[in-house]
Every structure is written in structure tokens, then in C-alpha cells.
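Open the model in your viewer and keep the selection panel at hand.

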Amino acid sequence: RDFITKQRDEVISSIDLLEAAIAEIEETSQSKFLDIFARINQEFSGLFPILFPTGEGKLELTNPESPLEGGVEILCRLPGKSLKPMSLFSGGEKALTAISLIFALLKTKPTPFCFLDEVDAPLDEANVGRYNRVLEALSAQFQFIVITHNRRTMEVLDTLYGITMQEPGVLKVVGVDMQKELPPHLRKAFKDE
């Protein structure tokens with residue numbers, strides 16, 4: 001009987017140790033999450049008005065009492081409108097808001113380079129200009145690899161690469177340094193309007 005009691009006490013002790021370890025991990029995780037969340041929210045709030053002049057964007061926890069068990073809601077006030085969740089926006093508005101969040105995440109946790117694949121595709125001309133301004137401003141801090149078909153986005157990039165097929169079945173990579181003078185056949189396509 002003493003053996004069983006001793007075994008039970010060891011199991012209970014192990015359970016107590018595990019519960020204490022879990023509580024410590026949850027506390028540390030919550031603390032780190034709230035710290036990073038606050039930094040991302042600050043960056044997002046600063047970037048959002050660049051893409052939506054006079055607009056306001058912020059992130060809110062859906063369950064502030066238990067942040068690790070809840071979600072994050074993106075709330076934005078577009079120029080001339082009231083504060084509302086991102087889910088109620090049009091496609092272009094959602095795309096620009098997502099771009100703001102991507103760039104906020106990038107500024108919070110920098111990476112060596114960032115791929116942006118057709119990010120500007122759902123944007124109209126005015127919004128492409130705003131996107132390009134943010135891309136230009138952040139290009140001093142980050143290296144972007146941008147995949148795009150938008151001529152206006154191509155105009156702000158440092159170097160362009162494309163694929164051409166001069167002979168059937170033979171692909172060739174072509175690069176253009178946009179910082180140098182453009183070749184004559186590209187000047188007309190990229191002239192200022």
C-alpha cells in the first residue's frame with residue numbers, strides 16, 4: 001500500500017510540475033504576443049494613412065482577457081467613412097489594407113528580402129500610386145522582389161527582369177537597370193505622362 005501511495009504522490013507531483021511549466025509558458029507566450037502585437041499595431045497605424053490619406057487603421061484583439069485564445073480584428077476608417085471591420089471593404093480596399101498589414105509585419109520583423117507576387121493586381125490606378133509610394137519609401141530598408149504586370153509599379157523598381165523567347169523553345173532572361181538610362185526601345189513605354 002505504501003508503494004501505491006508513493007507512486008500516486010509522484011504522479012500528482014509530476015502533474016503539478018507540468019501545470020506550473022504550462023502556466024509559465026503561457027505567461028511568457030502571452031507577454032511576447034502582446035509585445036509584438038503592440039508593435040505591429042503601431043506600425044500598421046502609421047502605414048495605413050499613407051495608403052488611405054486621412055484614414056485610420058488599427059488592430060484589436062477579439063478576446064483581450066485571453067489573447068492567446070482569441071483572434072485579431074482589423075478595424076479601419078476610410079476617408080469620409082466610419083470605423084468598420086475590414087471584411088466589409090471592397091476588393092481594392094481589402095488589398096490595400098492587407099498591404100499595410102504586410103508592410104507592418106515586415107517592419108516589425110525584418111527579413112533579408114520580401115516577395116510581392118501580383119500584390120498590385122486588384123488595385124486601380126490611384127491606389128497603385130499609393131502602393132508604389134510605400135514600396136519606394138520602404139525600399140531603402142528592405143529588398144523587394146516584385147512580380148507584377150503593372151507598368152506603373154515597374155517604373156518605381158530599380159531593376160526589371162523578364163523572360164523572352166527569341167527562338168521557339170529557348171527562353172532567355174533579360175534584365176534592365178532602371179537607374180541607368182533606358183534603351184531607346186523602352187523610353188517610350190516608361191516616359192512620364
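This is a predicted model: local features need pLDDT of at least 70, side-chain atom pairs count only at pLDDT 80 or more; totals for chains, interfaces and linings use all residues.

**Stop 1: the cysteine sulfurs**

Select Cys-76 and show its side chain. Which cysteine sulfur is closest to that of Cys-76? The one in Cys-114, at 20 Å. A disulfide needs two cysteine sulfur atoms within 2.5 Å, so the sulfur of Cys-76 is too far from that of Cys-114 for a bond. Starting from Cys-114 leads back to Cys-76, whose sulfur is the closest cysteine sulfur to that of Cys-114. Across the whole structure, the search returns 0 disulfides.

Is Cys-76 buried or exposed? Cys-76 is buried, and its relative accessible area is 0%. Cys-114 has 11% relative accessibility and also counts as buried, because the limit for that class is under 20%.

**Stop 2: the aromatic rings**

Clear the selection and turn to the rings. How many aromatic pairs are there? With ring centres required to lie within 6.5 Å, the count is 6 aromatic pairs.

One of them is formed by Phe-44 and Phe-48, so select these two next. Their ring centres are 5.7 Å apart and their planes make an angle of 50 degrees, a tilted arrangement.

**Stop 3: the ring cluster**

Ring pairs join Phe-52 with Phe-44 and Phe-48 in a cluster.

Note on methods
Residues are numbered from 1 along each chain as its sequence is written. Side-chain values use heavy atoms; hydrogens and water are left out. Buried means under 20% relative accessible area, exposed over 50%, partly exposed in between (1.4 Å probe, protein chains only). Rings of Phe, Tyr and Trp (its six-membered ring) pair if their centres lie within 6.5 Å; planes under 30 degrees apart count as stacked, over 60 as edge-to-face and the rest as tilted.
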